[in-house]
Amino acid sequence: MLTAMMVILTASSAHAAKQDDPYLMIQEVAGLTFERMKKEKDAIKQDPELLRKVMEEELLPYIDYRFSAFKVLGKYAQKVPREKLLEFVSVFREYLITSYAVALGYYDDQFVEFAPAINFDGRSDVTVRAVIKDDERPDIKVAFKVRKDRKSNEWQAYDMVAEGISLLSSKRSEFESVLRQDGIDRVIELMRESIEQPIVLEEK
């Protein structure tokens, strides 16, 4: 049986995670993000919109949202004018912040177990797996897909998979028919509509 490594989420949000090891980076970023959510739990309960700020400040610096945006567009990226492409990436950044705020908004001081690191020498893409454990709910299996930037040699996450469902794949499937039938402007409009929706915390 694969022995999981328990990560104690006590990191300070003043600490920046190093990006030369994809496994340690994800563990540190998870620690920073969840610890801040725990520390600001009461304020977030009063104003769930604070989750967007937490995601933007703690999580987004370690996410390659540009790469993610192009992955969602797929083949359509080549057909979109440059200025519209820049607009899409900009709006997608805010859309991603909202998506992560919604996806992680249920966190309430659960334990997070990360699977042991695998040798990543010579690799440019790895998957960091974890389990979010909660005594009151079934375990949630999550995985972060991480890639190495060729220029900076730093690792950044570009996708999150929860219970086998990829955030990017689901968004790509969701937007594909819209792109084909109505074009990039409609996709941007849909993302803006989603961003404008208030963050609602799930009741335990």
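This is a predicted model: local features need pLDDT of at least 70, side-chain atom pairs count only at pLDDT 80 or more; totals for chains, interfaces and linings use all residues.
Biologist: Fine. At what angle do α1 and α3 pack?
Modeller: About 155°. Helix α1 covers residues 22–39 and helix α3 covers residues 50–59. Their axes are 10 Å apart.

Biologist: So how are the two oriented to each other?
Modeller: The angle is about 155°, and the cut-off is over 145. Therefore α1 and α3 are roughly antiparallel to each other.

Biologist: And the crossing, left-handed or right-handed?
Modeller: Right-handed, as α1 passes α3.

Biologist: Which residues meet there?
Modeller: From α1, they are V29, L32, T33, R36 and M37. On the α3 side you have L51, K53, V54, M55, E57, E58 and L59.

Biologist: How do the residues of that contact divide into nonpolar, polar and charged?
Modeller: Seven are nonpolar, one is polar and four are charged in the contact of α1 with α3.

Biologist: Let's zoom out. How many helices and strands does the protein have?
Modeller: Seven helices and six strands. Along the sequence the pattern reads β-α-α-α-α-α-β-β-β-β-β-α-α.

Biologist: Why call it as compact as a globular protein of that length?
Modeller: Because its radius of gyration is 17 Å, close to the 17 Å that the globule rule gives for 204 residues.

Biologist: What box do the C-alpha atoms fill?
Modeller: Roughly 45 × 45 × 35 Å, along the principal axes.

Biologist: What share of the residues is buried?
Modeller: Buried residues are 44% of the 204.

Biologist: And contacts between residues at least 6 apart in sequence: what share joins residues at least 24 apart?
Modeller: That share is 60%.

Biologist: Where does N153 lie?
Modeller: In the loop between β4 (137–148) and β5 (155–162). N153 is partly exposed, with a relative accessible area of 46%.

Biologist: What about phi of E163?
Modeller: Near 50°. That is a positive value, and E163 is a residue other than glycine.

Biologist: Which loop holds E163?
Modeller: The loop between β5 and β6, with β6 at 165–166.

Biologist: And what is the relative accessible area of E163?
Modeller: It is 47%, which means E163 is partly exposed.

Conventions: Residues are numbered from 1 along each chain as its sequence is written. Side-chain values use heavy atoms; hydrogens and water are left out. Axes are lines fitted to C-alpha atoms, for helices over the stretch in contact, and angles run from 0 to 180 degrees between N-to-C directions. Helices (H or I, at least four residues) and strands (E, at least two) are DSSP runs, numbered from the N terminus. Angles under 35 degrees count as roughly parallel, over 145 as roughly antiparallel, 65 to 115 as roughly perpendicular and the rest as oblique. A crossing is left-handed if the near helix is turned anticlockwise from the far one by less than a right angle, and right-handed if clockwise. Contact means heavy atoms within 4.5 Å. Ala, Val, Leu, Ile, Met, Phe, Trp, Tyr, Cys and Pro count as nonpolar, Asp, Glu, Lys and Arg as charged, and the others, Gly among them, as polar. The radius of gyration is taken over C-alpha atoms; the globule rule is 2.2 Å times the number of residues to the power 0.38. Buried means under 20% relative accessible area, exposed over 50%, partly exposed in between (1.4 Å probe, protein chains only).
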